[in-house]
Amino acid sequence: MSTSSAEFGEGYRRAVDVLGAAVVSEGILASTTERANYRRIWARDSVICGLAGLLDGDGRLIDGLASTLSTLRRYQGRHGEIPSNVSSGGVSYGGLAGRSDAAIWYLVGCACLGRLDPTTIEEHRTAIRKVLWLLGAWEMNLRGLVYTPLGGTWADEYPLHGYILNVQLLRLWALRGLELVMGDEAVVREADRVETAIRTNYWLDQPGGGAYHPTGYDAALVRSGPSEHWVASFHPGGYSTIFDGLANALALMLDLGHGLEVAKALERVESETGSALTPAYWPPIAPGDSGWDEVATYHAFGLRNEPYEFHNGGLWPMVTGWTAAGLARQGDVAAAARLASAIDDANGRQGWGFYEYTSARTLEACGVAHTTWSAAAAVIAHRFAADPEHAKKVLALEGS
């Protein structure tokens, strides 16, 4: 039996209210706050909010997801690109770098809405095909993994580039979801190919193997030891073995294995941050560390990535929502429920401000207020904790 919204408490109810207030004719806004470029339809933010709507069953939010996907399709680029964001002032496909994850979140949204309403796939089929072709082109070497430029993901001011794991995992989720709603053997083969590449390259255990970059893999294994969590990225210059919160959450949610190790890594990170909220990346990059010059240079609205802030060690309700989903998928609903409570606590700060993130230095709410994906995180976490079997079907993680 589905749990009613009222049973989840005030944090959940307020989260749904924040999401509902952000629904406009073009889709779901990233925030109702007039600041910088937040009051727009963003591919990643708006789709995540729509997925929360599917989990809640809220008709306004489901319609908002449908409108978001239609808006993104309307402005699809000539090569298949999906906008990073759309506003009355124009369309953006990225800032200093394009956004590879925008196109993939669009596919995830189509797959999940397509589970509920099969006409979605017919409406978006041509656009979906163009995105799938584009992702193949972005592999560049036809070896199964998308190459992403610096700043090309949601953490768009963080110095990570190359074969970023969270991008590959989103793609796998999209492909698996499209398998369920399209019944296309080519999509099935592509999903299998991507999954094999992920398993081979992002968990360090045996030297060499079939890795893309065997010398980089072996050097990372010697430097960092066998993996205690999925590594964040690699590129021709080597591996980044930093903890990527979203990537490890998605790996749990997609049931790729190593669940016990990742759960232990999350416990260790929590002990270091002093918060149950999952950081974007951990540990922070500080002045004098490798990568600091890139952190200090790459920003659009002033330096936000001081150590323990924003993407550089900041603690994110959005990421925590997916961590809760992943832990629930692994059977630990008690841990998921605990994270749902932590999200409610974070969202409730400063008069239910639903801020972007929490500083790992001060544990204060920071960033833009009334961010809708912070609200979506509460819905995602509570729904997965309450009924993971239903939630994973709604989000196209498993067939009916």
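Predicted model: local features only at pLDDT ≥ 70, side-chain atom pairs only at ≥ 80, totals over all residues.
Glutamate 123 and arginine 73 form a salt bridge in which the closest N and O atoms are 3.1 Å apart. Glutamate 123 belongs to helix H5 (residues 119–139) and arginine 73 to helix H3 (residues 59–74), so the pair ties together parts that are 50 residues apart in sequence. Glutamate 123 is partly exposed, with a relative accessible area of 42%. Arginine 73 is also partly exposed, at 27%.

Across the whole structure, the search finds 21 salt bridges. One of these is between the side chains of aspartate 56 and arginine 383, at an N to O distance of 3.4 Å.

Arginine 99 has a relative accessibility of 11%, and because buried means under 20%, arginine 99 counts as buried. Aspartate 156, at 15%, likewise counts as buried. Salt bridges also link Glu139, Arg171, Glu190 and Arg193 in a network.

Aspartate 184 was examined for its contact with the backbone. This residue is placed in the loop between helix H6 (165–182) and helix H7 (185–201). Its side chain reaches the backbone nitrogen of alanine 186 at 2.8 Å. With a relative accessibility of 16%, aspartate 184 counts as buried.

Strand pairing was considered next. Three strands make up an open sheet in the order S3-S4-S5, and their pairing is antiparallel. Strand S3 (41–42) and strand S5 (90–92) are at the edges with a single partner strand each, so one side of each is left without a neighbour in the sheet. Strand S3 and strand S4 (residues 85–87) run antiparallel and are joined by two bridges. Within this part of the sheet, isoleucine 41 stands opposite valine 86 in S4.

Key. Residues numbered from 1 in each chain as written. Heavy atoms only, no water. Helix = DSSP H or I, 4+ residues; strand = E, 2+ residues; numbered from the N terminus. Buried < 20%, exposed > 50% of the residue type's maximum accessible area, 1.4 Å probe, protein only. Polar contact = N/O pair within 3.5 Å; in protein donor to acceptor, adjacent residues only side chain to side chain. Pairing = 2+ DSSP bridges. Salt bridge = Lys/Arg side-chain N within 4 Å of Asp/Glu carboxyl O.
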